[in-house]
Amino acid sequence: RKLAEEEDLRNIQRKKSEADIQRMREQQAERERRRVAREEAEAKERRRSQLVSIINTQDAAEANRRKKESESQEHGARADAERERKTSLVTGVNVGLFGDKSD
């Protein structure tokens, strides 16, 4: 009877040890799953951040291009207006000096 009790006690301890080992394995597996999920989320965030940076750079380049184009058009319009002003001054001087040519 005493031998049977000792055997039962050993079996209980063995089962407890096996359960402890299994629980530790499950905890380790859960930690590993969380680590992998965290690394994947960090990588996804890095990719998102890089894409946002690329898009912002492209948007800024496009805005600069539009600004330069607009400035170029404004400069062209000013140059046209200046040419027109000079032409009308010259024409006005000619008319003033020589009279209206339709006379």
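Predicted model: local features only at pLDDT ≥ 70, side-chain atom pairs only at ≥ 80, totals over all residues.
This briefing looks at the fold, the surface and the salt bridges of the structure above. Residues are numbered from 1 along each chain as its sequence is written, and side-chain values use heavy atoms, with hydrogens and water left out. The protein chain has 1 helix and 0 strands, where helices (H or I, at least four residues) and strands (E, at least two) are DSSP runs numbered from the N terminus.

**Fold and surface**

- Helix α1 covers residues 2-98, in a protein chain of 103 residues.
- Of those 103 residues, 1% count as buried; buried means under 20% relative accessible area, exposed over 50%, and partly exposed in between, with a 1.4 Å probe and protein chains only.
- The protein chain exposes about 9,600 Å², and carbon and sulfur atoms supply 54% of that area.
- Accessible areas come from the Shrake-Rupley method with a 1.4 Å probe, and for residues only the protein chains shown count as cover.

**Salt bridges: the count**

- Side chains of opposite charge can pair when their charged atoms come close.
- The count comes to 12 salt bridges, each defined as a side-chain nitrogen of Lys or Arg within 4 Å of a carboxyl oxygen of Asp or Glu.

- Arginine 14 and glutamate 18 form a salt bridge with their closest N and O atoms 3.3 Å apart. Both lie in helix α1, 4 residues apart, which is about one turn of the helix.
- Arginine 14 counts as partly exposed because its relative accessibility is 42%, and glutamate 18 does so at 43%.
- Aspartate 20 meets arginine 23 in a salt bridge of 2.8 Å, N to O.
- Glutamate 39 pairs with arginine 35 in a salt bridge whose closest N and O atoms are 2.7 Å apart. Both residues belong to helix α1 and are 4 residues apart, about one turn of the helix.
- Glutamate 39 is partly exposed because its relative accessibility is 38%, and arginine 35 is partly exposed with a relative accessible area of 29%.
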